[in-house]
Amino acid sequence: MTRNNPLKIVAACGLGTGTALFLKMTIEDILKQAKIDAIVETADASIAQAVPADIVVTAQDLVELVRRNPKVKEIVEISNYGNLPEIRQKLLDAVNRLEQS
């Protein structure tokens with residue numbers, strides 16, 4: 001499947017500020033290197049439960065909250081925000097699943 005619009009990706013953490021912003025910047029770097037067009041936003045846990053998104057990237061403790069959101073196509077569960085290879089692999093796997101659906 002070819003996308004006509006950029007992906008919408010949400011970086012979510014408990015408060016949607018520091019950690020989510022760090023994660024957003026990491027995601028943007030990964031997508032830029034992979035030449036993937038996306039809009040990346042930050043959100044706190046409550047917004048991540050309601051906002052429409054192609055992908056939500058979040059920590060393990062917030063995954064169940066995000067699963068309640070029927071407007072999210074893919075959830076990327078991160079165990080360590082500082083682990084760039086983990087984030088890259090899981091994010092690009094999610095993008096590939098979306099493109100194959």
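**Exercise 1. Which backbone nitrogen does the side chain of Asp 54 reach, and at what distance?**

Solution. The model is predicted: local features need pLDDT of at least 70, side-chain atom pairs count only at pLDDT 80 or more, and totals for chains, interfaces and linings use all residues. Residues are numbered from 1 along each chain as its sequence is written, and side-chain values use heavy atoms, with hydrogens and water left out.

Step 1. Asp 54 belongs to strand β3, residues 53-59. Strands (E, at least two residues) and helices (H or I, at least four) are DSSP runs, numbered from the N terminus.

Step 2. Find the partner. The side chain of Asp 54 comes to 2.8 Å from the backbone nitrogen of Lys 8. A polar contact is a pair of N or O atoms within 3.5 Å; within protein, one must be able to donate a hydrogen and the other to accept it, and residues adjacent in sequence count only if both atoms are side-chain atoms.

Step 3. The relative accessible area of Asp 54 is 13%, so the residue is buried. Buried means under 20% relative accessible area, exposed over 50%, and partly exposed in between (1.4 Å probe, protein chains only).

Step 4. List the surroundings. Contact means heavy atoms within 4.5 Å. Beyond its neighbours within four places in sequence, Asp 54 touches Pro 6, Leu 7, Lys 8, Lys 73, Glu 74 and Leu 98.

**Exercise 2. Describe Leu 98, one of the contacts of Asp 54.**

Solution. Step 1. Leu 98 is part of helix α4.

Step 1. With a relative accessible area of 11%, Leu 98 is buried.

Step 2. Leu 98 and Glu 74 are 24 residues apart along the chain, and 7.8 Å separates their C-alpha atoms. Glu 74 is also among the contacts of Asp 54.

**Exercise 3. Which backbone nitrogen does the side chain of Glu 86 reach, and is Glu 86 buried or exposed?**

Solution. Step 1. Glu 86 sits in helix α4, which spans residues 84-100.

Step 1. The side chain of Glu 86 reaches the backbone nitrogen of Ser 79, at 2.8 Å.

Step 2. Glu 86 has 11% relative accessibility and therefore counts as buried.

Step 3. Apart from neighbours within four places in sequence, the contacts of Glu 86 are Glu 77, Ile 78, Ser 79 and Asn 80.

**Exercise 4. At what angle do α1 and α4 pack, and how far apart are their axes?**

Solution. Step 1. The packing angle of α1 and α4 is about 60°, and their axes are 10 Å apart. Axes are lines fitted to C-alpha atoms, for helices over the stretch in contact, and angles run from 0 to 180 degrees between N-to-C directions.

Step 1. The crossing of α1 with α4 is right-handed. A crossing is right-handed if the near helix is turned clockwise from the far one by less than a right angle, and left-handed if anticlockwise.

Step 2. From α1, Leu 23, Thr 26, Ile 27, Ile 30, Leu 31, Gln 33 and Ala 34 meet Leu 84, Ile 87, Arg 88, Leu 91 and Leu 92 of α4. The residues of this contact are 9 nonpolar, 2 polar and 1 charged. Ala, Val, Leu, Ile, Met, Phe, Trp, Tyr, Cys and Pro count as nonpolar, Asp, Glu, Lys and Arg as charged, and the others, Gly among them, as polar.

Step 3. Take one residue of the contact. Ile 87 counts as buried, at 1% relative accessibility. Leaving out neighbours within four places in sequence, Ile 87 is in contact with Leu 23, Thr 26, Ile 30, Ile 78, Asn 80 and Tyr 81.

**Exercise 5. Characterise two loop residues, Lys 35 and Val 51.**

Solution. Step 1. Lys 35 is in the loop that joins α1 (18-34) to β2 (38-43). Its relative accessibility is 75%, so Lys 35 counts as exposed. Phi of Lys 35 is near 60°, a positive value in a residue other than glycine.

Step 1. Val 51 lies in the loop between α2 (45-48) and β3. Val 51 counts as buried, at 14% relative accessibility. Setting aside neighbours within four places in sequence, Val 51 touches Lys 8, Val 10, Asn 69, Lys 71 and Val 72.

**Exercise 6. What pattern does the protein chain follow along the sequence?**

Solution. Step 1. The chain has 4 helices and 4 strands, in the pattern β-α-β-α-β-α-β-α.

Step 1. Of its 101 residues, 41% count as buried.

Step 2. Among contacts between residues at least 6 apart in sequence, 54% join residues at least 24 apart.
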